[in-house]
Amino acid sequence: MLQRVHGYTVVEFESLTSTQDMAKNIRRANTVIVAKEQKNGRGRRGRTWESPFGGLWFTVILDNSCELVTLAAGVAVVKALERMGVQAGIKWPNDIIYGEKKLGGIIAESSGGLVYLGIGINLNNDIPESIRDIAVSVKDKNIVLEELLACILKELDSLVTGDSDRKFEILKQWKKYQIVFGRKVCVIDGELICGVVRDINSDGSLMVEVKGGELKKFYAGDVHIIQMGD
Ligand code: BTN
């Protein structure tokens with residue numbers, strides 16, 4: 001099925017290997033590829049992304065004119081979830097966390113002047129047994145998938161289009177929803193470095209204060225919060 005939603009052309013598929021693959025075949029900005037299930041969903045850093053029926057699995061194709069677009073995607077997702085009554089947070093760079101478990105994730109891949117923003121949310125699906133200790137769905141909230149998708153696209157559109165101040169708006173909103181500042185974390189990016197998260201820079205990098213007070217800057221990596229709930 002094909003429809004227009006907030007300036008995006010949305011194309012729906014019953015089943016795909018990955019919406020990222022289909023999006024890269026289509027290669028048209030402002031197109032959204034949705035699949036009811038993915039047979040070979042991909043996460044960040046080469047990981048598998050479990051994508052059974054009931055979840056919201058989609059890729060937004062954008063031209064690469066907006067800086068911090070992956071942070072904007074995280075903000076759009078948590079703002080849309082908030083509108084549906086779910087208070088989720090963002091763990092840098094863009095893990096969607098609910099009740100200390102992963103509710104969703106975002107992958108950004110660029111090629112040919114386009115950005116492929118892959119967004120996965122465990123919405124109405126069951127979580128596979130193997131990842132139940134780290135992942136959560138909001139199946140009990142009875143959120144209508146199409147409504148959440150439309151709401152995310154509306155929020156994303158308002159963040160990525162507009163004047164040059166939008167980068168500051170993205171950062172401001174990201175700071176509002178982030179759950180890492182002041183937390184003790186370990187960042188895995190080749191090596192393992194632990195410290196306390198102090199800030200995010202205007203280029204989206206994370207500032208972590210390590211032992212001795214030195215500030216380390218991260219442009220990529222997995223953040224593990226080792227001190228939750230304060
Ligand atoms: C992460 O590792 O946190 C990112 C997960 C991204 C999953 C989504 S689901 C839709 C799109 N298609 C994929 O194969 N991956 C992304």
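The largest share of the shell around the ligand, four residues, is contributed by strand 7, where strands (E, at least two residues) and helices (H or I, at least four) are DSSP runs numbered from the N terminus. The model is a predicted one, in which local features need pLDDT of at least 70 and side-chain atom pairs count only at pLDDT 80 or more, whereas totals for chains, interfaces and linings use all residues. Residues are numbered from 1 along each chain as its sequence is written, and side-chain values use heavy atoms, with hydrogens and water left out.

The ligand sits in the largest pocket. A pocket is here an open set of points on a 1 Å grid over the protein atoms alone, where a 1.4 Å probe fits and protein lies on both sides within 12 Å along at least five of seven lines, and a molecule sits in a pocket if more than half of its atoms lie within 2 Å of its grid points. Two or more residues of the shell are given by each of helix 1 (19–26), strand 4 (56–63), strand 7 (101–111) and strand 8 (114–121). Of the 19 residues around the ligand, those that come nearest are Ser18, Gln38, Arg42, Arg44 and Lys102, a residue being near if one of its heavy atoms lies within 4 Å of the molecule. The shell divides into five nonpolar, ten polar and four charged residues.

Several polar contacts (pairs of N or O atoms within 3.5 Å) can be described individually. An oxygen atom of the ligand is 2.6 Å from an N or O atom in the side chain of lysine 102, while a nitrogen atom of the ligand is 2.8 Å from such an atom in the side chain of glutamine 38, and for the side chain of threonine 19 the distance from a ligand nitrogen atom is 3.0 Å. Of the 420 Å² of accessible area that the ligand has on its own, the protein covers 99%, as computed by the Shrake-Rupley method with a 1.4 Å probe.

Most residues other than glycine have a negative phi, and most peptide bonds are trans. Tryptophan 92 and proline 93, however, are joined by a cis peptide bond with omega about 0°, and proline 93 is found in the loop between strand 5 (89–91) and strand 6 (95–98). Histidine 6, in the loop between strand 1 (2–5) and strand 2 (8–16), has a positive phi near 45°. Glutamate 100, in the loop between strand 6 and strand 7, likewise has a positive phi, near 70°.

Terms used: Polar contact = N/O pair within 3.5 Å; in protein donor to acceptor, adjacent residues only side chain to side chain. 1 Å grid on protein atoms, 1.4 Å probe; cavity = no way out; pocket = protein on both sides within 12 Å on 5 of 7 lines; lining within 4 Å. Nonpolar A, V, L, I, M, F, W, Y, C, P; charged D, E, K, R; others polar.
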